[in-house]
Amino acid sequence: MRLTVLIASAVLATSASANEKLTLMLDWYINPDHAPIMVAEQIGAFSAQGLDVQIIPPSDPALPPRLVAAKQADLAITYQPQIHFFADQGLPLVRVGTLINTPLNTVISLDKSIKTPADLNGKTVGYSVSGIEQATLATMLKHENLNANAVKLINVNFQLTSALLTGKVDAVIGGYRNIEALEMTLQGKDPVVLNVEDYGVPAYDELIIVANRDAVAEPKIKKFLIALEKGTAYLRAHPEESWKVFARQHPELNTPLNHQAWMKTLPLFATEPATLDKPRYQAYEQFLFDNKLIKKITPVEQYATEIN
């Protein structure tokens, strides 16, 4: 019996060592936005594809795509708006998959008189990221026949929730519908949440997966996406069960906010991660160009692909 166990252990060890290594850099520390990746790992979907996936949170969220561009990592999680900037800069990065295929960005307020962007007229709005958030808000205001100067903008340095709770601003742009909005609800507030895509901003993929242009055809990229699709399917079918496993594996993240975010984000994950919505990328590229955030229009084929 002992010999059988030893042989079985040796076979498993040999199989694990034979798996092809793939390095995945996250966009930030592990959180519910990464649920399909974590569940794919939970259910052995990566190893079933012959992969040994190393999931690495970055020390600096700006680094992951640049490490992939430098061929120091295989894949990175980033944002669709960012891939347009990378393409404009000539970085050899290509979108190969989608994790969250809807915007998370919102305008949030605790002022019940604010029901649409038109009600922001004369109000103070906090933001964190210059350029893109200003263009997004300006587009929302234009949709309601207001000029961008109808509001006063204040950079709150990523302190979106505290800026609202302390009354420093009347509203904020940049808060996520599955995080900040939930956070304020848990604090007993009843936030007004305006989704950016409902007011003239082209819909976009929030979180995407990028590879180096030279590595797109590597079989392990396709294998990763197959495993990710299986992880997403299992997550949707077993949300509470998969959350409990995640909470046990990451006890520091076992909080009411993360539990609610896990459930809130479920319908936002791409069920077919490899599928590319080309018109969506073209529309957002045009949006950035029209707002002078990129210098030129780059054909989608140069920075996004669909691996069959």
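How many salt bridges does the count come to? The count comes to 10 salt bridges. The model is predicted. Side chains of opposite charge can pair when their charged atoms come close.

**Asp52 and Lys21**

- The side chains of Asp52 and Lys21 form a salt bridge, at 2.9 Å from N to O.
- The two residues sit in separate strands: Asp52 in β2 (residues 51-56), Lys21 in β1 (residues 20-25).
- They are 31 residues apart, and the pair links distant parts of the chain.
- Asp52 has a relative accessible area of 26%.
- Lys21 is exposed, at 52% relative accessibility. The class applies because exposed means over 50%.

**Glu197 and Arg177**

- A second salt bridge joins the side chains of Glu197 and Arg177, again with an N to O distance of 2.9 Å.
- Both partners lie in loops: Glu197 between β9 (192-195) and β10 (207-212), Arg177 between β8 (171-176) and α8 (180-186).
- The pair therefore ties together parts that are 20 residues apart in sequence.
- Glu197 counts as partly exposed, with 23% relative accessibility.
- Arg177 is buried, with a relative accessible area of 11%. It falls in this class because buried means under 20%.

- The side chains of Arg280 and Asp277 meet in a salt bridge, with 3.9 Å from N to O.
- This pair counts because the limit is within 4 Å.
- Asp277 is partly exposed, at 37% relative accessibility.
- Asp205 belongs to the picture too: salt bridges with shared partners join Asp205, Asp277 and Arg280 into one network.

**Ser109**

- Ser109 is part of strand β5, which covers residues 105-109.
- Is Ser109 buried or exposed? Ser109 is buried, with a relative accessible area of 1%.
- A polar atom of the Ser109 side chain lies 3.0 Å from the backbone nitrogen of Asp111.
- Which residues does Ser109 touch, leaving aside those up to four places away in sequence? The list is Ile114, Leu164, Asp170, Ala171, Pro191 and Val192.

How values were computed
Residues are numbered from 1 along each chain as its sequence is written. This is a predicted model: local features need pLDDT of at least 70, side-chain atom pairs count only at pLDDT 80 or more; totals for chains, interfaces and linings use all residues. Side-chain values use heavy atoms; hydrogens and water are left out. Helices (H or I, at least four residues) and strands (E, at least two) are DSSP runs, numbered from the N terminus. Buried means under 20% relative accessible area, exposed over 50%, partly exposed in between (1.4 Å probe, protein chains only). A polar contact is a pair of N or O atoms within 3.5 Å; within protein, one must be able to donate a hydrogen and the other to accept it, and residues adjacent in sequence count only if both atoms are side-chain atoms. Contact means heavy atoms within 4.5 Å.
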